Amino acid sequence: EDHKKGQSNVILIIVESLESWVINSRFESKEITPNLNSLLLQEKTCLFTNVHVQTKGGRSSDAQLMINTGLLPLKLGATCFDYPNNLFPSITLPMREKGYQTLIAVGGSETFWNYKRFALAQGFERIISNRDFEYENDDYFQFGILDSTFLIQTADIISKMKEPFFAELITTTSHFPFELPGRVDKKFTSSNNMIVKYLNSISYVDKSIGEFVKKIKESGLFANTIIIITGDHEAFGKTPKDFEFIKSKI
């Protein structure tokens, strides 16, 4: 019945440190983001690359604030710490009025960067974090559960939600310094500098997103779901010396 009203589900994936130049690019003769590239080939897919970074000291939390509310972050400090008890004019509020269930998910701790309180301040009804997932100790790496585990289990949770829904997923594995656990295969091996580490981490997250989309298709949700994928901020605050050289080889 909701489908007849044109109420599509919405899944927003905020990818840690995703930059647009890796899309449809190759390194060592291999696609960096084959799964994102494949999604771009679908008829109704749109790609926007002319995006200017406006995050400040709040970094990822600033991106969430701007995406969900349209508000710019503080010049100094972080809104998630300085104003966590506000009720922000978030997109969740009109969606909830139209009957949408709202969920925000992250693979890390709900206390990291005041995550839970800030999510509630933006109007999300349900928050899931690392304690809501099943994982082995070696699945938790640096800032949260590896994105492959996080996204697959989140897909299962989403498939059980009442439609229509809005689900916001925040990845962590491609966070600086772009390290991956030893058991994860690295796609690029020509060197181990910061840029190649970044490409490996983004390639890993791209694979995880591909697995997530496959699960959403298997659940039958894909046809009535808008999937939005965006980065939260730039990967490098300042360009490393070898950055332009590596890009020239892509």
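**Close-up 1. Leu12 and its bridge partner in strand S8.** Leu12 has Glu168 as its bridge partner in S8. The model shown here is predicted. Strand S1 covers residues 9-15 and pairs with S8. The sense is parallel, and the pairing runs over five bridges.

**Close-up 2. Strand S4 alongside S8.** S4 spans residues 101-106. S4 and S8 also pair in the parallel sense, here over six bridges. Within this pairing, Leu169 of S8 has Ala105 standing opposite.

**Close-up 3. Burial of strand S8.** S8 is made up of residues 165-170. Six of its six residues are buried, so the strand is largely enclosed by the rest of the structure. Buried here means under 20% relative accessible area.

**Close-up 4. The two sides of S8.** In a regular strand, side chains alternate between the two faces of the sheet. Phe165, Ala167 and Leu169 point one way from S8. Phe166, Glu168 and Ile170 point the other way. All of these residues are buried. Glu168 is also the bridge partner of Leu12.

Close-up 5. The structure holds one cavity of 30 Å³ or more. The volume of the largest cavity is about 30 Å³. Its lining consists of Val15, Leu18, Leu36, Ile202, Val205, Asp206 and Ile209. By class, the lining residues are six nonpolar, no polar and one charged.

**Close-up 6. Helix H7 at the cavity.** H7 runs over residues 194-218. This helix gives the most to the lining of the largest cavity, with four residues. The lining includes Ile202, Val205, Asp206 and Ile209.

Terms used:
Residues numbered from 1 in each chain as written. Predicted model: local features only at pLDDT ≥ 70, side-chain atom pairs only at ≥ 80, totals over all residues. Heavy atoms only, no water. Buried < 20%, exposed > 50% of the residue type's maximum accessible area, 1.4 Å probe, protein only. Pairing = 2+ DSSP bridges. 1 Å grid on protein atoms, 1.4 Å probe; cavity = no way out; pocket = protein on both sides within 12 Å on 5 of 7 lines; lining within 4 Å. Points joined across faces, edges and corners; volume = space filled by probe spheres on them. Nonpolar A, V, L, I, M, F, W, Y, C, P; charged D, E, K, R; others polar.
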